[in-house]
Amino acid sequence: MTPAAGGAGGPGAPAAGGGGDSAESTLAVRFATASAALVFTGRLIALGRPRAGDHRRSADGASWWVFTPVALDLGRQLAAAADGTVFLVRDAHLVPDRGWGGPERVAGRRPAQHLPVASLRPATLLDLVRQAGLHSAPARPLDDAVVFTRARFAGGVIRRALDLGLEVTYRPTRLTPLFDEEPPDSDRHGVVLEVALRAPDGDLPPGFLDALHRDPFVLLCRRVAGEDTVLMQYRRASALGDGPLLEFAERGVWLLSDAEFGCARLERLGEPLDGGALVALAADYPLRDVGSSPDWADDAPAAPDAPRLTIVPARTPDATVDATLLDGTGTDTVRMLLEGHPLADVVQVVSGRDRHLLLAAGGLLERLPLGEPLHCIGPGPLYIPLGFRTEPLLPPSALQALFEPDAARAVVLTSGAALVFDLEQRRPAWTLWLGGPPELDFQLPEEAETVLRVVDERLAPQPKPESARPPRPGQPPQPGSRPRPAGPGIARRHRNWRDAALEAEFAGELVDAAEIHERNGDVLRAANLYERAARQAARRGR
């Protein structure tokens, strides 16, 4: 709306009450950036102005203008705080303010300094919000948040949220452009999953929020001023301010984020559903019709069948990643993930027929972006997927009797079977991408070679046929034999402190294994083993 020219009774004239600085005048404030204009507008709204002002833009797009009726002294201070220049409206022209005195003192300014109001183009507050964009803001505690992601990435987000004890719901949501009107069949419309996170008590874990904020496939948002009208990207803010932004937003729910994700209006499709169903699809439990003589109606019902052991989704907030279960093709990507990674020095692989197990002494302690993360429930090397528990719950003695995990075999409980792996076949993960070292060529001086040949001839002039055979395991080498070059099997014969720690862990001696890690400086895995030992002791009722 174009401001009216000044005159008796017009908005350009001082309001009734005199010509002092406290009387309202129609001011036009020029700003070099849309952000500065938004700051000025936000202050007007915060002061309770019923109309925050009309907005304009110069013909060349170099400046933004805000027209508003306000006391001159107050307008000067607000404009100066936002680095703006004050003009007064006089007879459809903009007259520069002197910066002091009342509005009547501008009447004598030279006409050459006047700017016609008609030279400015109309603009809206939405234009300013779009042009100003969002600026970085410090992290703040949140008791709830909203995540937007594609369906194939939602399971990982929900699983981790449930592990942390959070309440999770989800629903599909259609995104439409916020600034440009598009026809309903436009290809710029898209559907994503909206995942709502809420902490039952207190705030959401800051580390979890930071991880979601860094994930390139996830958009983490906060509810502006706690309302569901505007969703703002986490660690971002608008120059307009949260309160004024809520009053300005209309026509549905707004999503504001930087250029990497974009802004949109939300059209929510249906009511929110519990997020636990997306973590892992449960087994089917078919329903049946009641028979002619139902068991529960008999005078003496038969004893019910014993429930079959299975695994069900559950919250495991204290569990760590101790191992990873891979399918038959998972080993192809292990090299890309671990080559050059510190985990390559500690991870071991146990190959099976169509599944493979990645484990490490003291636990992996890091979720790899492949396979199924596992945690050890004991006793011994007994693993279960993260976010699951056995149904029914069983004591350690029952699990030991059922599956017999020990230092020679690891057992992984899945929804369909209990997978057994031969731990005697474990080998370092780096053997997956090492085809074997080159043959060793001992560079001895020629004189040393001559001496060794003489010694060989004197010590073994006529070697017996048995001496040509390789020594049996545990038998010392024959006199005169030379060390054989290292081959691919050297990885299985070489032992270090991690092997001793892993064997103690498999034997159930978690405290001994933790002490080995602690002596060798791996305090993180030592702490993990101490925690596992404490949890297992608690389950045994000690």
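This report covers salt bridges, cysteines, backbone geometry and surface patches in a predicted model.

## Salt bridges

The model has 18 salt bridges. One of them pairs arginine 222 with aspartate 242, with the closest N and O atoms 3.1 Å apart. Arginine 222 sits in strand E12, and aspartate 242 sits in helix H6 (residues 242–248), so this bridge ties together parts that are 20 residues apart in sequence. Are these two partners buried or exposed? Arginine 222 is buried, and aspartate 242 is buried too.

Glutamate 503 and arginine 426 also meet through their side chains, at 3.8 Å from N to O. Glutamate 503 belongs to helix H11 (residues 497–506), while arginine 426 is in the loop between strand E26 (418–422) and E27, so the contact joins parts 77 residues apart in sequence. The two ends differ in cover. Glutamate 503 is partly exposed, at 32% relative accessible area. Arginine 426 is at 15% relative accessibility and therefore counts as buried, because the cut-off for buried is under 20%.

Arginine 353 and aspartate 354 form another salt bridge, 3.9 Å from N to O. Arginine 353 has 78% relative accessibility, so it counts as exposed. Aspartate 354 is partly exposed, with a relative accessible area of 42%. Salt bridges also link up into a network, made of Asp144, Glu194, Arg223, Asp228 and Arg268. In general, side chains of opposite charge can pair when their charged atoms come close.

## Cysteines

How many disulfides does the structure hold? The count is 0. Cysteine 221 is in no disulfide, and the nearest cysteine sulfur, that of cysteine 263, lies 9.9 Å away.

Cysteine 221 is buried, with 1% relative accessibility. Cysteine 376 is buried as well, at a relative accessible area of 7%.

## Cis peptide bonds

Most peptide bonds are trans. Two cis bonds to proline deserve a look here. Glycine 378 and proline 379 are joined by a cis peptide bond, with omega about 0°. Proline 379 falls in the loop between strand E22 (372–376) and strand E23 (382–385). Cysteine 376, buried at 7%, is within the residue range of E22.

The bond from glutamate 391 to proline 392 is also cis, and its omega is near 5°. Proline 392 is in the loop between strand E24 (388–391) and helix H8 (396–403).

## Positive phi values

Most residues other than glycine have a negative phi. Which way does the phi of alanine 225 go, positive or negative? The value is positive, near 55°. Alanine 225 is placed in the loop between strand E12 (218–223) and strand E13 (230–233). At a relative accessible area of 47%, alanine 225 is partly exposed. Strand E12 also carries arginine 222, the partner of aspartate 242.

Glutamate 404 is not a glycine either, yet its phi is about 50°. Where is glutamate 404 found? It is in the loop between H8 and strand E25 (409–413). Its relative accessible area is 47%, so glutamate 404 is partly exposed.

## Surface patches

Which residues make the nonpolar surface patch of about 360 Å²? They are Leu440, Phe442, Leu444 and Leu452. Leucine 440 has its place in the loop between strand E27 (427–428) and helix H9 (446–459). With 44% relative accessibility, leucine 440 counts as partly exposed.

A patch of negative charge also lies on the surface, where Glu509, Asp512, Glu515 and Glu518 gather. Glutamate 518 is in helix H12 (residues 510–519). Glutamate 518 counts as partly exposed, with 44% relative accessibility.

Terms used. Residues numbered from 1 in each chain as written. Predicted model: local features only at pLDDT ≥ 70, side-chain atom pairs only at ≥ 80, totals over all residues. Heavy atoms only, no water. Disulfide = S-S within 2.5 Å. Buried < 20%, exposed > 50% of the residue type's maximum accessible area, 1.4 Å probe, protein only. Patch = residues over 30% accessible without salt bridge, like charges linked within 9 Å, V, L, I, M, F, W, Y side chains within 5 Å. Areas by Shrake-Rupley, 256 points an atom, 1.4 Å probe, with all protein chains shown as cover. Salt bridge = Lys/Arg side-chain N within 4 Å of Asp/Glu carboxyl O. Lys, Arg positive; Asp, Glu negative; His and termini not counted. Charge placed at Lys NZ, Arg CZ, Asp CG, Glu CD. Helix = DSSP H or I, 4+ residues; strand = E, 2+ residues; numbered from the N terminus.
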